[in-house]
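Welcome, and please take a moment to look over the chain before reading on.

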Amino acid sequence: MSTPATGTTVFKPRTSKWFTLIAFVLVGTGLVSLVATDGPAGLLGAWPLLTVAYWAWWLFWYPTVVVDRAAVTLRNPLVTISVPWAALVHVDTKYALKLVTPRRAYSAWAAPAPGVWGTHAGKVEHLTNLPASSYGPGASVRPGDLKHTDSGYAAFLVRSRWETMIDNGELDVDQTDSAPVDRRVNWILILPALVLLAASVGAQGAA
């Protein structure tokens, strides 16, 4: 999803909406069943269902990769990491989209590398017209760099913006150490997850 006016592109894995939708449908069905069986009072025992709904949103829908003019931001369930362009030295896709800086590397929950099926589903067009840094020796391309995969498309977005900024003189690749990475723990998301989990365990114990 792109927003040309702000120069921001938001990437989510293609399956995230389906996993979230399936979870919400199951939760909704469970809530209706509780009310039909026990009346409105049955909702007092709905904590496990609410926990499933929240965790589905948290683990499947929330994770994103945001590419904008200032940085690449990885919104993972536990932490949000913002890597300024000046701190980026390499983009890897061996196991997932990974942003490498001089001090450490950061992986994106939203962009895992493909399995066997995803690799074999690749076509010629997924190997061509990639950013130059996507190619290895002999113009080889890693399975995780194939543009139809989650890791590959996210890497395509990051590398395209990165190389454009370098080519336009907007980015000095020799100044990587001067740009700190912002890493924040998502307490505002973690605490509700733990509260709901504890309430679910308590509800099961009471039952």
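A nonpolar core is a set of buried Ala, Val, Leu, Ile, Met, Phe, Trp, Tyr and Cys residues joined through side-chain atoms within 4.5 Å. Buried means under 20% relative accessible area, exposed means over 50%, and partly exposed lies in between (1.4 Å probe, protein chains only). This is a predicted model, in which local features need pLDDT of at least 70 and side-chain atom pairs count only at pLDDT 80 or more, while totals for chains, interfaces and linings use all residues. Residues are numbered from 1 along each chain as its sequence is written, and side-chain values use heavy atoms, leaving out hydrogens and water.

**The cores**

- The largest nonpolar core has 27 residues, and those touching the most other members are Val-65, Leu-74, Trp-85, Leu-97, Leu-99 and Val-158.
- At least two residues of this core come from each of β3 (64-67), β4 (71-75), β5 (79-84), β7 (96-100), β8 (105-112) and α4.
- Helix α4 gives the most to this core, seven residues.
- A second, separate core holds seven residues, including Tyr-54, Trp-58, Ile-190 and Leu-196.
- Leu-97 is in contact (heavy atoms within 4.5 Å) with residues that include Val-65, Leu-74, Tyr-106, Ser-107, Ala-154 and Val-158, leaving aside its neighbours within four places in sequence.

**The chain as a whole**

- The protein chain has five helices and nine strands; helices (H or I, at least four residues) and strands (E, at least two) are DSSP runs, numbered from the N terminus.
- Starting at the N terminus, the order of elements is β-β-α-α-β-β-β-β-β-β-α-α-β-α.
- Of the 207 residues in the protein chain, 40% are buried.
- Among contacts with a separation of 6 or more, 62% join residues 24 or more positions apart.

**Helix α2**

- Helix α2 (residues 47-61) has 15 residues and spans 20 Å from its first C-alpha to its last, close to the expected 21 Å; the expected span is 1.5 Å times one less than the number of residues.
- Buried residues in α2 are Thr-51, Ala-53, Tyr-54, Ala-56 and Trp-58.

**Salt bridges**

- Side chains of opposite charge can pair when their charged atoms come close.
- The structure holds two salt bridges, each a side-chain nitrogen of Lys or Arg within 4 Å of a carboxyl oxygen of Asp or Glu.
- One joins the side chains of Asp-150 and Arg-14, at 3.7 Å from N to O.
- This pair links distant parts of the chain, 136 residues apart: Asp-150 is in helix α4, and Arg-14 is in the loop between β2 (8-11) and α1 (16-38).
- Asp-150 is buried at 13% relative accessible area, whereas Arg-14 is exposed at 53%.
- Arg-184 forms a salt bridge with Asp-182, with the closest N and O atoms 2.2 Å apart.
- Arg-184 is partly exposed at 38%, and Asp-182 is partly exposed at 36%.

- Thr-149 sits in the loop between α3 (116-120) and α4 (150-167), and is buried with a relative accessible area of 5%.
- The side chain of Thr-149 reaches the backbone nitrogen of Gly-152 at 2.9 Å.
- Ser-107 lies in strand β8 and is partly exposed, at 34% relative accessibility.
- Not counting residues up to four places away in sequence, Ser-107 touches Leu-74, Asn-76, Leu-97 and Lys-98.
- Ser-107 and Ile-81 are 26 residues apart in sequence and 9.3 Å apart in space, C-alpha to C-alpha.

Terms used:
A polar contact is a pair of N or O atoms within 3.5 Å; within protein, one must be able to donate a hydrogen and the other to accept it, and residues adjacent in sequence count only if both atoms are side-chain atoms.
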